[in-house]
Amino acid sequence: VNDRDVFDVLHRELPALDVDDLRSRRIRGLALVELARAGRANEGRLSARAARAWRRTELWWVGALAVGYLVWAAEATLRLYR
Amino acid sequence: MPPSDAELAQALRRCDPSAFDAAFAAYRPRIFGFLVRMVGARDVAEDLLQETFLRLARHAPRLAEDSQIGAWLFTVARNLARSHLRVPSDAARLEEGSGELAAPLTPFDEAAASELGRRLEMALGQLPLGLREAVLLVAVEGLSPAQAAGVLGVTPEALRQRLSRGRALLEDALEPKATPQRRKAP
């Protein structure tokens, strides 16, 4: 140890540790269930956010559509008399 | 070639199970080794490992696109270990350095571990917790100093000091002790 860097010795010589296979599979299984739940919750969150955004801007969209239609109708009417 | 942390983060944000499997395979032994050496008990480390990966699964859709999954996992594991060690008796014992094996070994591990490995575990177990976690992250797990400082929530300079003190204490602990000479009888 003396003539080698102690951190280098730690990195090379410490025994690798791991959980046993059964526990590993159990943790993975539980986590995949959580991952699927998080995915569903996230989709729910995204659609709820989209619904909120629509509610907030709905009046503006409908208003813009109505104004556009009125402009088009006025132009078409004026075109008849030119 | 294993996916990079950035690729893993992208896939985890989509809740892709294969990305979770890749992260679990790559980081399970490293996080477990870190936790065992932090808390000094395999059964506790197994519970904390489970909680670490459950948190990754729960948090996956909210990960930042450029998340470093390894650093993220070590941060969660370290915080869980610290929370666990707030139990007064354990905390007192480990803050001072227990002087016992940092990682109690199973008979299988015991057989596989070298004599040097056992001495290193013993020396690590004697380090105060703040120094031990810094040494574990940089020297054992190979995190860059910047990553390790981020995990520990300290400045790079503070980390450098911890590493330097940790190195000195480890060298002391591993130095062969001079046998006391017997005084000759007059």
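## Basis and confidence

Residues are numbered from 1 along each chain as its sequence is written, and chains are lettered from A in the order in which they are written. Local features need pLDDT of at least 70 and side-chain atom pairs count only at pLDDT 80 or more, while totals for chains, interfaces and linings use all residues; side-chain values use heavy atoms, with hydrogens and water left out.

The predictor gives the complex an ipTM of 0.76 and a pTM of 0.76. Chain B has an average pLDDT of 84, and 80% of the residues score at least 70; pLDDT is the predictor's confidence in each residue, from 0 to 100. Within chain B, helix 3 (residues 42–59) has the highest confidence, at 96, and helix 5 (residues 88–96) the lowest, at a mean of 43. The pLDDT is below 50 over residues 87–94 of chain B, and this stretch has 13 contacts in the model beyond near neighbours in sequence. A contact means heavy atoms within 4.5 Å. Where pLDDT is low, the predicted coordinates should not be read in detail. Helices are DSSP runs (H or I, at least four residues), numbered from the N terminus.

## Helix 8 of chain B

Helix 8 of chain B (residues 129–140) is largely enclosed by the rest of the structure, because 12 of its 12 residues are buried. Buried means under 20% relative accessible area, exposed over 50%, and partly exposed in between (1.4 Å probe, protein chains only). Among the buried residues are the charged B:Arg132 and B:Glu133; charged here covers Asp, Glu, Lys and Arg. Just after this helix, B:Gly142 takes a positive phi of about 75°.

## The largest pocket

The largest pocket has a volume of about 160 Å³. A pocket is an open set of points on a 1 Å grid over the protein atoms alone, where a 1.4 Å probe fits, with protein on both sides within 12 Å along at least five of seven lines; lining residues have an atom within 4 Å of a point. The volume is the space filled by probe spheres set on the points, which are joined across faces, edges and corners.

Residues of both chains line the pocket, including A:Leu10, A:His11, B:Arg30, B:Val140 and B:Glu141. Helix 1 (6–13) of chain A and helix 2 (17–39) of chain B each supply at least two lining residues. Helix 2 of chain B gives the most, with four residues. The lining divides into seven nonpolar, two polar and three charged residues.

## Salt bridges

The structure holds 19 salt bridges over all chains. A salt bridge is a side-chain nitrogen of Lys or Arg within 4 Å of a carboxyl oxygen of Asp or Glu. One of them joins A:Arg23 and B:Asp47, with the closest N and O atoms 3.0 Å apart. This pair crosses between chains, from helix 2 (residues 21–81) of chain A to helix 3 of chain B. A:Arg23 is buried, at 14% relative accessible area, whereas B:Asp47 is partly exposed, at 45%.

Within chain B, B:Glu141 and B:Arg30 meet at 3.2 Å, N to O. The two residues are 111 residues apart, B:Glu141 in the loop between helix 8 and helix 9 (145–152) and B:Arg30 in helix 2. B:Arg82 also forms a salt bridge with B:Glu133, at 3.1 Å. B:Arg82 lies in helix 4 (residues 69–85) and B:Glu133 in helix 8, so the pair ties together parts that are 51 residues apart in sequence. B:Glu133 has a relative accessible area of 0%.
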